[in-house]
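Student: I am new to this structure and would like to understand how its terms are applied. Could we look at it together and go through them with care?

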Amino acid sequence: MQQKEMYPGIDCFRLWAALLVVAIHTSPLAMFGSMGDFILTRVAARVAVPFFFMTSGFFLISHYAENANRLVRFVKHTCLIYGLVIVLYLPVNVYNGYFQMEQLAPNLVKDLVFDGTVYHLWYLPASVIGAVTAWYFVRRFDYPKAVLITAGLYAIGLFGDSYYGLAEGVWGGESFYRFLFQLSDHTRNGVFFAPVFFVLGGFIAESRRETDLFTSARGFGVSFALMLGEAMCLRCFGLQRHDSMYVFLLPCAYFLFQMLLHVRGKRRKRLRTLSLLVYLLHPMVIILVRLFAKGLHLQGLLVENSVVHYVAVCLLSVGGSMAAAGVWERYGPHRKDGGNRRSGDRTYVEINLQNLEHNVRELRRAMPSGCRLMAVVKAEAYGHGSFEIATHLERSGVRAFAVATIDEGIRLRTYGIRGEILILGYTDVGRAAELKKFDLMQTLLDRSYAEELDRQGVRVKAHIKIDTGMHRLGELSVETGRVKQMFELEHIDVRGMFTHLSCADRLEEEDVAFSKKQIDRFYALVNELRVEGVRIPKLHIQSSYGLLNYPELRCDYVRAGIALFGVFSSPEDDMIVHLDLRPVLSLKSKVVLIRSLKKGECVGYGREFTAERDSRIAMVPAGYADGYPRGLSCGKGSVRINDCLAPVIGRVCMDQLAVDITDAGGVEVGDTVVLIGGEMGEGASAPELAGRCGSISNELLSRLGTRVRA
C-alpha cells in the first residue's frame, strides 16, 4: 500500500484556471482596449481548459489498467454532473427561447453531445468523449502513437478553429468543415480538442519524466511567447473562425503542468470541488449580477466597468461555490473510511514499490554486461499482486517477464504489459491462436510437444526447454538431433533456449559439482547446435540462486523470481554473492480484542495453549485463509506489535489467531500487527516463518489469500 503523492500545485491552479474561464466570459480588460482583452481572454486564458483536461488525464489515463473501473467512474461522475447542471440552467434556456428553435430534436442532440445546452457546458461532454478516446488510443497503441493520433485530431480541429481562414481556401476544405460544423458548432470539443491533452496528462504521469523547474519555466515562457505571437498573426490576417486552438498551446500547457508538479506540500482537496463549482456556476452568477445591476440602476458600475464586473462575478462565484461545497460536505454522501480503503480492513498486504525498484537495481548490478532481467511474476507475482508488480517493473525498465500459464500471460497483456512474456509451463496446443494473439512465447516441453504445437498451423514464438539433469520439463541435452528439429519446424519461431539448475541454492561440494555438470551439458549442446549450423537464440540458465551462486555465467537473461521480492527461500540457503535486497511485501493486521487470562485458562481449539501465568492475549483477525499457515500454531510463529515480538498461541484458525502480549508492553486495540514482513532476524520475516513450518518463502507468499490483496 503506497502513500499517494500530493500535488498541491495542481490543486491550487484549479481555482486560478476557473477564474481564467470567468475572465473569458466577462472580458475584464475590455474597458482598457481590445488588445489587452484579447491577450488575456483569447490567449492567456486559453491554457485553463487544457489544464483541466491534462489534470484528468494525469490521474486517469494509463496503458496499464487492471480494469476499466476508473474510466467508468469518471464517465458516470461527469455525466451525472452534466445532467444536474443542465437541469440547473433549464430556466435560462426556457427564458432564452431555446426550446422554440427550428429542428429542435437534432439541435438538442448536437448540443448534448458536443456543445452543451449552455455555452460553457461543452466542457463536460468533451471530457467524457476525450477521456474515452484517449483511454482507447493509449491502451491500443501506447503513448508515442497515441500522441501522434490525437495530435492529428487536434490539427484537424485547428483548421476549423484558429486557422479556418487557411482551410476554407483549400479545395474541399470549406465543404469538409461545413459538414463538421453541422454536427458541432466548433471543432473545440471532445473529438478534436480534448483527447491530446488527456494523453499528455497521462504521458507525464506514466513516464515520470519530471523536468527541472528552470527547464519547465523556460519552456513555458518560450511557448507562451510563441503562442502570443501566433495569436497576434492570426488576428492580424483575420484567419480565425474561433480562437481556442493554437499550435503552441500544446507545449505551453505541457510545460505549465510540469511547473505545477514542482510545488510540494499538503494536498488542497477542497479546491478541486471549489474550482469545478466556480466553473459551472459562474454564468448563472453573471446573469444574476446583471439582473441586480439593472434592478438597482448600477449598470455603469457593475456591468460597464469590466474590472468591477469581473471582480463581482468572481467573488460571488467563489462565495456561492464555497457555500454549496460546505452544504455538500456536511449533508452529502461520503465514504466513511475517509478515502483510505485500508483504514478499516481486518488484514491486508502492504507493498513497498521503492524496495522493488531497489532490488531491480541490485540484481542488475550483479548481472554481467549485456544480460537482461527477466522478472518471474507467476502465481500473482509470488503473492505480491501481478498487476501492481508487473506494471511497476515495466515502468522501471524491465522488458521481459515469465509466467507459469497462458492465462497469467494474457492477464499481463490485458493489464497493458508490452514486454516479452515467456510461459514457463504447459499450454494446451489448442490455444495456439491465443499465444499468437497475445504475443506470448511458449516453452517447448520436448520435441513431441513442439511438433504437436507446430501442427496447429499458427505461427508461435517459443523458447526450448533443455533437461540437463533436473528431469522435469525439457528435451534431454544429449538429444542434439531432436533439439535441432525443433528449430526447423515451420510454424515455430524459436526465440530462446534455457535450462534450470536443480540445486543452485546449495553450495555443498556435491551440489556444486552437479550444477556445474548441468551448465556444461547445456553449453555442450549449444556448441553442437552451432556446429550443425543452427542460429543460436537467446540463452538463459540462471534463476535467482543461479545468479547469486554462479554469477560468472554469461547469458542473455536472468530469470529472477523470489530474489526480486527481497527474500530468500530459506534462512539456510547459501550464497556467494550477497546483495542488499529488501522485502517488498508485508502482511499486516491489527489488534481487535485484548483479554486477560488467568493461570490455568486455555485458548482456542483443542485447548492447545494453557496459561502458565496470568497473561494478556490479543486477538488478531487473520488466519490460514489469509495466508498465515496453520503450521505456525502453538508458539512456532510470532508477530511484531510496536516493535516487540509476540508469540502465536493456540491453533491458528481460518480467520483469526491469538498472540501472547504479556511481555509486549502497552499494546492497545487498534495497534498494527505485522504478521509477515521485515528483514531476516526480526522474527517475522518470510524465510524465518516458512522455515518454522517446514516450507519455503515461495510457498508462504504465493498462498496469501485473495481477501488480503493490496
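Student: Which residue in E19 is the bridge partner of Ile641?

Tutor: The bridge partner of Ile641 in E19 is Val673. Before we go on, please keep in mind that this is a predicted model, in which local features need pLDDT of at least 70 and side-chain atom pairs count only at pLDDT 80 or more, while totals for chains, interfaces and linings use all residues. Residues are numbered from 1 along each chain as its sequence is written, and side-chain values use heavy atoms, with hydrogens and water left out.

Student: In what order do the strands of the open sheet lie, and which are the edge strands?

Tutor: The open sheet has 8 strands in the order E1-E11-E19-E16-E17-E18-E15-E12, with antiparallel pairing. Its edge strands are E1 (348-351) and E12 (593-597), each of which pairs on one side only, and the twist from one strand to the next averages 40°.

Student: Why are H13 and H15 called oblique to each other?

Tutor: The axes of H13 (residues 269-295) and H15 (residues 306-331) come within 7 Å and cross at roughly 130°. Axes are lines fitted to C-alpha atoms, for helices over the stretch in contact, and angles run from 0 to 180 degrees between N-to-C directions. Angles under 35 degrees count as roughly parallel, over 145 as roughly antiparallel, 65 to 115 as roughly perpendicular and the rest as oblique, and H13 and H15 are therefore oblique.

Student: What residue classes make up the contact of H13 with H15?

Tutor: The contact, which means heavy atoms within 4.5 Å, includes Leu274 and Leu277 of H13 and Val313 and Leu316 of H15. By class it has 13 nonpolar, 5 polar and 3 charged residues, where Ala, Val, Leu, Ile, Met, Phe, Trp, Tyr, Cys and Pro count as nonpolar, Asp, Glu, Lys and Arg as charged, and the others, Gly among them, as polar.

Student: Why are H3 and H12 also described as oblique?

Tutor: H3 (residues 48-60) and H12 (residues 249-260) pack at an angle of about 60°, with their axes 10 Å apart, and they are therefore oblique to each other. Pro50, Phe51, Met54, Thr55 and Phe58 in H3 meet Leu249, Ala253, Tyr254, Phe257 and Leu260 in H12, and these residues divide into 9 nonpolar, 1 polar and no charged.

Student: How do you know that Arg418 and Asp142 form a salt bridge?

Tutor: A salt bridge is a side-chain nitrogen of Lys or Arg within 4 Å of a carboxyl oxygen of Asp or Glu, and the closest N and O atoms of Arg418 and Asp142 are 3.2 Å apart, so the pair qualifies. The pair links distant parts of the chain, 276 residues apart, with Arg418 in the loop between H19 (406-415) and E4 (420-423) and Asp142 in H7 (residues 123-158). A search of the whole structure finds 26 salt bridges.

Note on methods
Helix = DSSP H or I, 4+ residues; strand = E, 2+ residues; numbered from the N terminus. Pairing = 2+ DSSP bridges.
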